[in-house]
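Have the structure open beside you as you read.

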Amino acid sequence: PEAKTQVSPSVIIIRPSGLASIVEADVFAMSYREMRQLIDAEGLDAVHFSEPLNRITEACRFRGYRVAMYADRDGYAKDLADNPIGTLLYGSGAEIRGAVLIVLEDNRHDTYPFHFQEDLDNVISEISNIAGGLIRRC
């Protein structure tokens, strides 16, 4: 297999507009407060498992890690804009509002950044497949 291109520890942020950005952030070393500031949230709700997130994890073949999503816990109460991609990734039962954070996590729910450009590209590509092309890269 070809060597992967290492990048600074990074996460994916998806805005309600569908804009996906890669942001340098070592979420493993961050405090909860620093992590929630990435999406201007007072509190975070974690989505550890959903059918769409599981499909992304399987397609990207992460060994020992899975793709997880964090959303603003108060997005609905703050009347933030609907995030259709976040809602699709959640899978069912709730409307996700505001920006969402896409990260990796292990079986203990410890949060990790992405370290390789190809992994970031593959996750965004898989999200695009699920979201029917709603996602845009910046």
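Let's begin at Leu-80, which sits in the loop between strand E4 (66-72) and helix H3 (84-90). Helices (H or I, at least four residues) and strands (E, at least two) are DSSP runs, numbered from the N terminus. Before going further, please note that this is a predicted model, in which local features need pLDDT of at least 70, side-chain atom pairs count only at pLDDT 80 or more, and totals for chains, interfaces and linings use all residues. Residues are numbered from 1 along each chain as its sequence is written, and side-chain values use heavy atoms, with hydrogens and water left out.

Leaving aside residues up to four places away in sequence, Leu-80 touches Asp-72, Gly-75, Arg-97 and Gly-98, where a contact means heavy atoms within 4.5 Å. Gly-91 is eleven residues from Leu-80 along the chain, and their C-alpha atoms are 19 Å apart.

Now for the whole chain. The protein has four helices and eight strands, arranged along the sequence as β-β-α-β-α-β-α-β-β-β-α-β. Of the contacts with a separation of 6 or more, 65% join residues 24 or more positions apart. Some overall values are collected here.

| Property of the protein | Value |
|---|---|
| Box filled by the C-alpha atoms, along the principal axes | roughly 45 × 35 × 30 Å |
| Buried share of the 138 residues | 43% |
| Accessible surface (Shrake-Rupley method, 1.4 Å probe) | about 7,400 Å² |
| Carbon and sulfur share of that surface | 47% |

Finally, the largest pocket holds about 270 Å³ of space. On a 1 Å grid over the protein atoms alone, a pocket is an open set of points where a 1.4 Å probe fits, with protein on both sides within 12 Å along at least five of seven lines; lining residues have an atom within 4 Å of a point. Which residues lie nearest the centre of the largest pocket? They are Lys-4, Phe-62, Arg-63, Phe-116 and Asp-119, out of 14 lining residues. Strand E7 (114-116) and helix H4 (117-130) each supply at least two residues of this lining, and E7 gives the most, with three. By class, the lining has eight nonpolar, two polar and four charged residues.

Technical notes. Grid points are joined across faces, edges and corners, and a volume is the space filled by probe spheres set on the points. Ala, Val, Leu, Ile, Met, Phe, Trp, Tyr, Cys and Pro count as nonpolar, Asp, Glu, Lys and Arg as charged, and the others, Gly among them, as polar. Buried means under 20% relative accessible area, exposed over 50%, partly exposed in between (1.4 Å probe, protein chains only).
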